[in-house]
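I opened the notebook today to look at how two chains meet. The entries below keep to what I looked up.

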Number of protein chains: 6
Amino acid sequence: MVDHVIVRDVRRSDRATIDGLHAAGTATVHESAGRTGLLGPRVEPRLPGAVVAGSAVTVSSHPGDNLMIHAAVEQCRPGDVLVVSCTASSTHGMFGDLLATSLRARGVVGLVIDAGVRDIATLREMGFPVWSRAVHAQGTVKATPGSVNVPVVVAGQIVRPGDVVVADDDGVVVVPVADAPGVLEAARKRVANEESKRQQLADGVLGLDMYGLRPLLADLGVRYVDRLPGAVDRQPDGVDG
Amino acid sequence: MVDHVIVRDVRRSDRATIDGLHAAGTATVHESAGRTGLLGPRVEPRLPGAVVAGSAVTVSSHPGDNLMIHAAVEQCRPGDVLVVSCTASSTHGMFGDLLATSLRARGVVGLVIDAGVRDIATLREMGFPVWSRAVHAQGTVKATPGSVNVPVVVAGQIVRPGDVVVADDDGVVVVPVADAPGVLEAARKRVANEESKRQQLADGVLGLDMYGLRPLLADLGVRYVDRLPGAVDRQPDGVDG
Amino acid sequence: MVDHVIVRDVRRSDRATIDGLHAAGTATVHESAGRTGLLGPRVEPRLPGAVVAGSAVTVSSHPGDNLMIHAAVEQCRPGDVLVVSCTASSTHGMFGDLLATSLRARGVVGLVIDAGVRDIATLREMGFPVWSRAVHAQGTVKATPGSVNVPVVVAGQIVRPGDVVVADDDGVVVVPVADAPGVLEAARKRVANEESKRQQLADGVLGLDMYGLRPLLADLGVRYVDRLPGAVDRQPDGVDG
Amino acid sequence: MVDHVIVRDVRRSDRATIDGLHAAGTATVHESAGRTGLLGPRVEPRLPGAVVAGSAVTVSSHPGDNLMIHAAVEQCRPGDVLVVSCTASSTHGMFGDLLATSLRARGVVGLVIDAGVRDIATLREMGFPVWSRAVHAQGTVKATPGSVNVPVVVAGQIVRPGDVVVADDDGVVVVPVADAPGVLEAARKRVANEESKRQQLADGVLGLDMYGLRPLLADLGVRYVDRLPGAVDRQPDGVDG
Amino acid sequence: MVDHVIVRDVRRSDRATIDGLHAAGTATVHESAGRTGLLGPRVEPRLPGAVVAGSAVTVSSHPGDNLMIHAAVEQCRPGDVLVVSCTASSTHGMFGDLLATSLRARGVVGLVIDAGVRDIATLREMGFPVWSRAVHAQGTVKATPGSVNVPVVVAGQIVRPGDVVVADDDGVVVVPVADAPGVLEAARKRVANEESKRQQLADGVLGLDMYGLRPLLADLGVRYVDRLPGAVDRQPDGVDG
Amino acid sequence: MVDHVIVRDVRRSDRATIDGLHAAGTATVHESAGRTGLLGPRVEPRLPGAVVAGSAVTVSSHPGDNLMIHAAVEQCRPGDVLVVSCTASSTHGMFGDLLATSLRARGVVGLVIDAGVRDIATLREMGFPVWSRAVHAQGTVKATPGSVNVPVVVAGQIVRPGDVVVADDDGVVVVPVADAPGVLEAARKRVANEESKRQQLADGVLGLDMYGLRPLLADLGVRYVDRLPGAVDRQPDGVDG
């Protein structure tokens, strides 16, 4: 019933588009894509400061088994990002410095994995960027079949082979190849627009005024008062944390 | 029924008291306040090494909506700390570099938020200190009413507007304005006392002797033995739970 | 019924064996011990980059009470690692810079604790390595009995007094004294072997070939295909889970 | 600095108001109070089907210590609900059948506790309703001071002594005494209104029409289409995330 | 960029296939589908004993907003199962007895939702089966766009509109329409086979013999011994971790 | 290095002792054993109301692999309780109705497993009691070696083969064979003592008086006051949730 496959041909975005999204960063790309494509926060950056963008080579793997990661290496091209999903929750250290060496030899720029990694000190020395669910020495086997370059679910998000993956300290976002040019265009407008906003805010203009939010506050019934209506034995309304 | 308000007048501590608590740090302040006022560990420092102290401007916000954070900026004064609570659990990136720019323009020294932040790389470059529940690029809206400068609950702890907030790598602690002078006095005694203890311990004096704990151990029935009664020195192989 | 004891005599490994395991690191030691002895990932390194190895002095402690940690200091010898277990889940800051000063005066090289620590900024300045479940300022008492140098459970793993503890950025692993020489021998072989593998992978040899995994993939029914059968290259818009 | 107090006089709502809120249930009360006052979902019902309402007698307790629960029993009156908060996270079985017997003798109608309970089988036999964070046999001590009838934080919500507590299978909600009459009036209107809605929906009227949501959908840009643009009707085999 | 759509035409399985999978139950269906399609354990049954199977009508919803659930009701047909995904983690009570009444009027047999439900006591009385992440009274709004009948991710699993959903006390599993006949055939064989195994095991035959596992144990190096080498039969007192 | 063994001879307690501990229940046994031996709360009862006691047959198993559970069945005797530990965190449904049938054929009275179970509806019909970490249909393999009747760690607690296991709705507690008679004697005294206490409390005697706690409260500085010292802008001291 299950058909484990390794898919060879993947449609990738062109480098210029990928580089443009790289320059924009995850927050801007996520916004420019209509707030879609963002992986959940459990996949965290393990080399702070790193920013990568590339085409996704995807792996559907058994937890605690890195056989299919080895199979995926061969399908990677320079500039790709390896994206590994597990069929059940795992924090095993499924990836370490040997696999990083192998990926680097093929020009892969980073790893996103919904499981653990190990040899993290060496990965830092190598400067090989990783986004993962955990860092843990726990060893793995090479015994169970899976697939390469099929759509996978990682941290609540579908990742398709060839998707543009952008990852930085704010997380990981994916953009389908067909959407990438449009997202890039929106991102560029957004970046230009943000610079002007930043300058105004730095000059002391309030967001309330810059975004024109004062009428909205009034419409929503938010009132300005000098002091809390002086209750002694009760909290003010609206306090619910 | 719910009365969303923005309160303008907040009673703050004087700067000397705030500076004194800043010098003491969270662990000492928490102890000096009778082990009260400490936020739970889920609000973590995002700029390691940063230490801030200031008066709380509080926000009660809808999850995933930063409208009220914008409204709060106007209520901030130099030296304040913005403290944001959500009415339901959230990891949205509700605060980023634009809001940080705006807060800095008003002299705010840091942010404590029971939700996520984003643009963390830029926040690090700016040196704007943040304590948050998460770092995540997920975008927010500006659509839902809330309140500013009302008591809120953050990570299990009540924070009132004007409370002195002290935050460092050990967490975040709040002190009511009326208690602050007393806490500061206790903190100074404690710090003086600790220095002498540290020197003794560095010289090899044991805590058992310095604190006079040996009689307590005896009273509690703790016995010294040379070897475990009937002990073996290892578990059998294969014991791995 | 419960017999709280402080055990004085602990059988330790010799320094050469401990140093050998230190050089190997947790991932290699864990593998060389047949994938046993690894603590769960909730005990995390708090001084990135630190690597320690030493003999375990174990503490069974009441949560939020550090009396028995003080009692344990006296039982420590140069080169030991203090390992603290709690009888119930805790994130209290049970250990801080004063205790670190005391341990350092006795030559202890690090701390592994299934609870919180505090004064983390000072611990970093001192360069005293800690692996813990949390960092939190929350204070503790000195009131409840426990034991020193009895077998304990830490993060799902049994730790016996005298066990060789190896800790680095990938986690914490323990090796019984009797097993340590054998594990060391296996670790050395493994390290030698890995160097050759790393070189091959850096030269572009694939893990599939180096480990001879292609027949396994075929046996497991994994098929190579050029394109996904009936595939489309993107999900429809609006797919955001 | 910390002033541990047991407060004797608590302002309570009248019985008719409490009974009215009891009849409305937590979801309706929470809505009628402007969506405020609801405890977080970690406090769960342990006797399915039970519904209680009463005035809060509050306890601020040390984790794993039930001394202050005993102190609180004396402050309870017939119809009250005991509400227990801990100063740190706890799943200890701080309450069992003996305390339930004592509370029942004083006419207390239920318990809300941000910790564990034990003897749950006996509590079920007694029909004594409990909302708690855990069920666990773990024993407690009677050794640490705390307070009775002070404002506390339970599962992210402030509970003040005398608040009307309503608890059922959907959770626990609190209403300040001063707000209770207004909330009750709103709740009654809401209940009346819901009955008519329920009948319409049972007759096949759609919520889209009953609430007039179709224009909103159109305004928000939601389009009706016959098929997904470019859709395939299944994912490829092997997609399992 | 994001195209919020409500898709009207969904390809469904025939009733006989759905009924056959209903009879098999989730564990058997999951196995018969090659161990694919199972939602993660966070979506739990809220009416113990209920078993449903039907065609998925899917909803991609904003957390805390049930507008799109109302929109989805109109797309439901008798025998369908409504499957609701959120674009961010949520425990809001997004579904209650009014929506259940509406769904029942259209012949929908159950709900699977990656968020909370409320009015659970009424849902039990109605016998309307629900699988959800939480039960919580927290209210929702009707304000944010989403989609109906697009592929969604629920608890780590892709669910496509029309997928056969089988849900019981062991969880929730989905089967693509095209795979359903093959999975049903495999399930029937499996059920027949299990009956014979159950009888053998009830008669005292061991699984070791029935499955022929003894040679595997030997191959794997598992040895039978009379006693643990060097074992003691108990840990020392005071071992409590 | 790892020696996977199946140990045949296990020292068990006599039936009368086991029956006595069964009658006492987990809370009383845990107290009578000096508050030791209690498994953490993550292992929950899955058949409410069930109470079992028996001798532990222990299994150290690979996550998601039930080979060693089959191997353990042969080592079980009438009245035993099977206790299964995993070498890494798992919620797989490692145990179902077939294994329950096999265990029942050998007279085993219940299962404690630090992983998931499935076929829970059938287990309920059979009345076969289970304490587990999860209920989930997810399937397992039979491929990886482990051990039977070695000490294991389950939910933070060491369980040795032959330990008396007592499990009920309050959790699971284990007692070493050598301690069992003493624990039973203490438990019987405790039960007798509790009956008298229960009667006093039912008659309205307060725990404060029955346990003589009033002097302790005074010693600890807890003061009785009529009203909260009427602060407007601050919470009373000691409020920290």
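Predicted model: local features only at pLDDT ≥ 70, side-chain atom pairs only at ≥ 80, totals over all residues.

**Extent.** I began with the residues in contact and listed 49 from chain B and 45 from chain A. I then took the buried area, which comes to about 3,900 Å² between chain B and chain A. Carbon and sulfur atoms carry 59% of that area. On the chain B side, I noted that I6(B), L98(B) and H136(B) lose the most area to chain A. Together these residues make up 15% of what that side buries.

I counted six salt bridges between chain B and chain A. I looked up one pair by name: the side chains of R214(A) and E74(B) form a salt bridge, at 3.0 Å from N to O.

**Chain B side.** I asked which elements of chain B each supply at least two residues of the side that touches chain A. The helices are helix 3 (67-73), helix 4 (97-105) and helix 5 (120-126). The strands are strand 1 (5-7), strand 4 (80-86) and strand 8 (152-154). I sorted the residues of this side by type and got 23 nonpolar, 16 polar and ten charged.

**Strands across the contact.** I checked strand 1 of chain B again and found three bridges joining it to strand 12 (residues 223-225) of chain A. The two strands run parallel. I6(B), in strand 1 of chain B, stands opposite Y224(A). I had already listed I6(B) among the residues that lose the most area to chain A.

Definitions and conventions. Residues numbered from 1 in each chain as written. Chains lettered and ligands numbered in written order. Heavy atoms only, no water. Contact = heavy atoms within 4.5 Å. Buried area = accessible area lost by both parts, 1.4 Å probe. Salt bridge = Lys/Arg side-chain N within 4 Å of Asp/Glu carboxyl O. Helix = DSSP H or I, 4+ residues; strand = E, 2+ residues; numbered from the N terminus. Nonpolar A, V, L, I, M, F, W, Y, C, P; charged D, E, K, R; others polar. Pairing = 2+ DSSP bridges.
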